[in-house]
Amino acid sequence: QTLYKVSRTMYIGAAVTHFFIWHFKDVWEVVRNLRTHECDDVHYQKMKVYKEVPLWWFGAIFIVTFGLGLGLCYAADSGLPWWGFIVALIFTTVFIPILGSLYATVGYQPSLQFLIQMVGGAMIPGRPVANMYFTLCEHLCRCMRELR
């Protein structure tokens, strides 16, 4: 059991290293040319017949869900402080493009659960329920990858 958890945590470093060696240049090129270069993807070209969703919608959805998440952390008396909730969101936001691109290109879907449990446990010691809420962000990250 211990060897399993240690190896599952160690391969996250290998996954991140793989992303930066093999895919970061391509992802950075796409992000850099997002507004100036037309996408050559056939699916994207066919989707252009539909009206684009305004960017403020995404901001509004983020604000609403952030408020709900933060409110629920306190309403449920989870023990997760506001800064822990924000750190969990940042942690998830950083890993979504990395793990999503790895899953899309090589079919490899690493789990962040053990790493996030260790980070949450170190940040908020002595509060197991707060650690469970912190770990919930990894599950949300996995759900967001599957929705793409």
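User: What counts as a salt bridge here, and where do the side chains of Glu29 and Arg32 come in?

Analyst: A salt bridge is a side-chain nitrogen of Lys or Arg within 4 Å of a carboxyl oxygen of Asp or Glu. Side chains of opposite charge can pair when their charged atoms come close. In this predicted model the count by that rule is 1 salt bridge. Glu29 and Arg32 form a salt bridge through their side chains, at 2.9 Å from N to O. Both residues sit in helix H2, 3 residues apart, or about one turn of the helix.

User: Before we go on, what should I know about how the model was handled?

Analyst: It's a predicted model, with residues numbered from 1 along each chain as its sequence is written. Local features need pLDDT of at least 70 and side-chain atom pairs count only at pLDDT 80 or more, while totals for chains, interfaces and linings use all residues; side-chain values use heavy atoms, leaving out hydrogens and water.

User: And what does the chain average for pLDDT?

Analyst: pLDDT is the predictor's confidence in each residue, from 0 to 100. The chain averages 81, and 92% of the residues score at least 70. Confidence is lowest in helix H7 (residues 128-147), with a mean of 68, and highest in H4, at 90.

User: How many helices and strands does the chain have?

Analyst: Helices (H or I, at least four residues) and strands (E, at least two) are DSSP runs, numbered from the N terminus. This chain has 7 helices and 0 strands.

User: Let's take H1. Which of its residues are buried?

Analyst: Buried means under 20% relative accessible area, exposed over 50%, and partly exposed in between (1.4 Å probe, protein chains only). In H1 the buried ones are Thr9, Tyr11, Ile12, Ala15, Val16 and Phe19. They cover an arc of only 155° around the axis, so they sit on the same side of H1; that arc is taken from the directions from the helix axis to the C-beta atoms. On the other side of H1, Thr2, Leu3, Met10, Ile21 and Trp22 are exposed.

User: What do the buried residues of H1 pack against?

Analyst: They pack against helix H2 (24-32), helix H5 (82-106) and helix H6 (113-123). A related idea is contact, which means heavy atoms within 4.5 Å. Take His23, in the loop between H1 and H2. His23 is buried at 15% relative accessible area. Setting aside neighbours within four places in sequence, His23 is in contact with His18, Leu102 and Thr105.

User: How many aromatic pairs does the structure hold?

Analyst: Rings of Phe, Tyr and Trp (its six-membered ring) pair if their centres lie within 6.5 Å; planes under 30 degrees apart count as stacked, over 60 as edge-to-face and the rest as tilted. The structure holds 8 aromatic pairs. In one of them, the rings of Phe19 and Phe24 have centres 6.3 Å apart and planes at 80°, so that pair is edge-to-face. Phe19 is buried at 3% relative accessible area, whereas Phe24 is partly exposed at 35%. Ring pairs also link Phe19, Phe20, Phe24 and Trp28 into a cluster.
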